Amino acid sequence: MVLIGQYDSPFVRRVAVALNHYGEPFERRVLSVFRDFDAVLALNPLGKVPILTLDDGESLFDSRFILEYLDGLAAPEKRLVPAAEPARREVLRMEAVAVGLCEKLYERGYEFARRSADKQDPSVVARTERQIRSALDWLEALSASPWFCGSGFTRADLTAAIAITYLREKHAGLILPSEHPTLQALCDRCEAMEHFRGAAYSATEAAQSGWRASAA
Ligand SMILES: N[C@@H](CCC(=O)N[C@@H](CS)C(=O)NCC(=O)O)C(=O)O
């Protein structure tokens with residue numbers, strides 16, 4: 001399998017960490033959705049990453065779809081979403097908020113890093129920042145100790161941890177870490193795990209694709 005995308009993307013990282021967790025070997029092709037847009041469009045009609053190319057050449061895209069596919073392949077004890085309700089929908093609800101948080105952070109970053117100052121819309125930024133804060137407060141209130149759902153590590157933990165790293169790396173100064181101590185601790189715990197270290201956030205890849213860290 002080949003994972004396409006950079007390790008400054010929370011969506012790409014969540015697929016990479018899951019692949020490591022399942023013990024699925026993969027190669028990576030470091031394409032940027034900006035610098036290598038034509039190549040990405042050739043693989044995904046939406047021109048977005050992550051893309052996972054299977055050994056027969058089939059391409060899967062959208063981290064949600066890819067992670068569902070991979071969880072279906074995994075042995076039951078390795079799965080990252082519980083099979084039984086209500087735990088299943090609890091994890092999926094938390095994951096939805098954590099992925100949505102990544103999407104809102106991406107939107108905010110896009111406004112600053114990709115648009116010139118005269119094109120930025122303060123009302124869009126303010127709305128996005130409210131959504132980011134609301135999602136963080138909601139996740140913090142779940143008091144992960146050590147994990148969100150019982151004693152097992154799930155995709156909700158994986159995604160929330162990656163979202164906090166993304167916040168720290170690309171939106172430093174937006175929200176004080178002391179406002180969400182449980183999420184910060186979850187992030188530290190996860191990023192220290194082997195599966196996360198094998199797909200660590202890459203500031204180099206962020207810089208290579210033209211990321212401008214401004215208005216943090
Ligand atoms: N819902 C998608 C979001 C993926 C996404 O937005 N990826 C960003 C990179 S971090 C991207 O490809 N952006 C290019 C674009 O939206 O034009 C997923 O979970 O995979």
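## Around the ligand

The shell around the ligand is made of 6 nonpolar, 3 polar and 3 charged residues. This is a predicted model. The residues around the ligand are Ser9, Phe11, Val33, Gly47, Lys48, Val49, Pro50, Asp62, Ser63, Arg64, Val99 and Tyr106. Two elements, α3 and α4 (87–114), each give two or more residues to this shell.

## Two domains

The chain is assigned two domains. Domain 1 takes in 2–79 + 199–208. Domain 2 covers 87–197. Over C-alpha atoms, the centres of domain 1 and domain 2 lie 19 Å apart.

An open sheet is formed by 4 strands. Their order is β2-β1-β3-β4, and the pairing is mixed. Two strands sit at the edges: β2 (27–29) and β4 (59–61). Each of these edge strands pairs on one side only. From one strand to the next, the twist averages 25 degrees.

Strand β1 (residues 2–4) runs parallel to β2, and 3 bridges join them. What is the bridge partner of valine 2 in β2? The partner is glutamate 27.

## A closer look at leucine 139

Leucine 139 belongs to helix α5 (residues 122–140). Is leucine 139 buried or exposed? Leucine 139 counts as buried, because it has 24 C-beta neighbours inside 10 Å. The cut-off for a buried residue is 20 or more.

Which residues does leucine 139 contact, leaving aside its neighbours within four places in sequence? The contacts are Val97, Ala98, Ala160 and Leu183. Arginine 88 makes another reference point. Leucine 139 and arginine 88 are 51 residues apart in sequence. In space, their C-alpha atoms are 17 Å apart.

Conventions:
Residues are numbered from 1 along each chain as its sequence is written. This is a predicted model: local features need pLDDT of at least 70, side-chain atom pairs count only at pLDDT 80 or more; totals for chains, interfaces and linings use all residues. Domain bounds come from an automatic or database domain assignment. A residue is near a molecule or strand if its C-beta atom, placed from the backbone, lies within 6 Å of it. Ala, Val, Leu, Ile, Met, Phe, Trp, Tyr, Cys and Pro count as nonpolar, Asp, Glu, Lys and Arg as charged, and the others, Gly among them, as polar. Two strands pair if DSSP finds at least two bridges between them. Axes are lines fitted to C-alpha atoms, for helices over the stretch in contact, and angles run from 0 to 180 degrees between N-to-C directions. A residue is buried if 20 or more other C-beta atoms lie within 10 Å of its own, exposed if 12 or fewer, and partly exposed in between; C-beta atoms are placed from the backbone. Two residues are in contact if their C-beta atoms, placed from the backbone, lie within 7 Å.
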